[in-house]
Amino acid sequence: MEGKYVIIDLRTMDFMKDKDGIIKYYDTEEEAGIVCGVYEHENAWILKLIYNHIEDKDETWFKTTRDKDGNRIYMESNDGVIFDNRK
């Protein structure tokens, strides 16, 4: 997707989509601009996609439990318990 363009209609805050409801991607800014003109969008953004963030499924996560005063009493990660101060 990097280097592609999408159109957002600012009246509806929705992406330009195909007949199946899938977001349309354009290869050039000029192509996206022409589409805006053809569809007579009164107010639209043409956005260049520069980065596709994908979460690493093997990434370490943490879950923290705090008491009513906000003190950390228990912490665990996908690797196991790393802090346990429960009474």
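Aspartate 9 and arginine 11 form a salt bridge. Their closest N and O atoms are 2.9 Å apart. Keep in mind that this is a predicted model. Is aspartate 9 buried or exposed? Its relative accessible area is 8%. The cut-off for buried is under 20%, so aspartate 9 is buried.

Next pair. Aspartate 14 makes a salt bridge with lysine 17. Here the closest N and O atoms lie 3.2 Å apart. Lysine 17 has 38% relative accessibility, so it counts as partly exposed. Aspartate 14 is at 32%, and that also makes it partly exposed.

Now lysine 4. Its side chain meets that of aspartate 27 in a salt bridge, 2.3 Å from N to O. This pair links distant parts of the chain, 23 residues apart. Lysine 4 sits in the segment before strand 1, which covers 5–9. Aspartate 27 sits in the loop between strand 2 (14–15) and helix 1 (29–38). Lysine 4 is partly exposed, because its relative accessibility is 27%.

How many salt bridges is that by the rule used here? The count comes to 3.

Last stop: isoleucine 46. Look for it in strand 3, residues 44–48. With 32% relative accessibility, isoleucine 46 is partly exposed. What does it touch, leaving out residues up to four places away in sequence? Tyr5, Val6, Ile7, Glu29, Ala32, Gly33 and Cys36. Take glutamate 29 from that list. Isoleucine 46 and glutamate 29 are 17 residues apart in sequence. In space, their C-alpha atoms are 7.2 Å apart.

Methods
Residues numbered from 1 in each chain as written. Predicted model: local features only at pLDDT ≥ 70, side-chain atom pairs only at ≥ 80, totals over all residues. Heavy atoms only, no water. Salt bridge = Lys/Arg side-chain N within 4 Å of Asp/Glu carboxyl O. Helix = DSSP H or I, 4+ residues; strand = E, 2+ residues; numbered from the N terminus. Buried < 20%, exposed > 50% of the residue type's maximum accessible area, 1.4 Å probe, protein only. Contact = heavy atoms within 4.5 Å.
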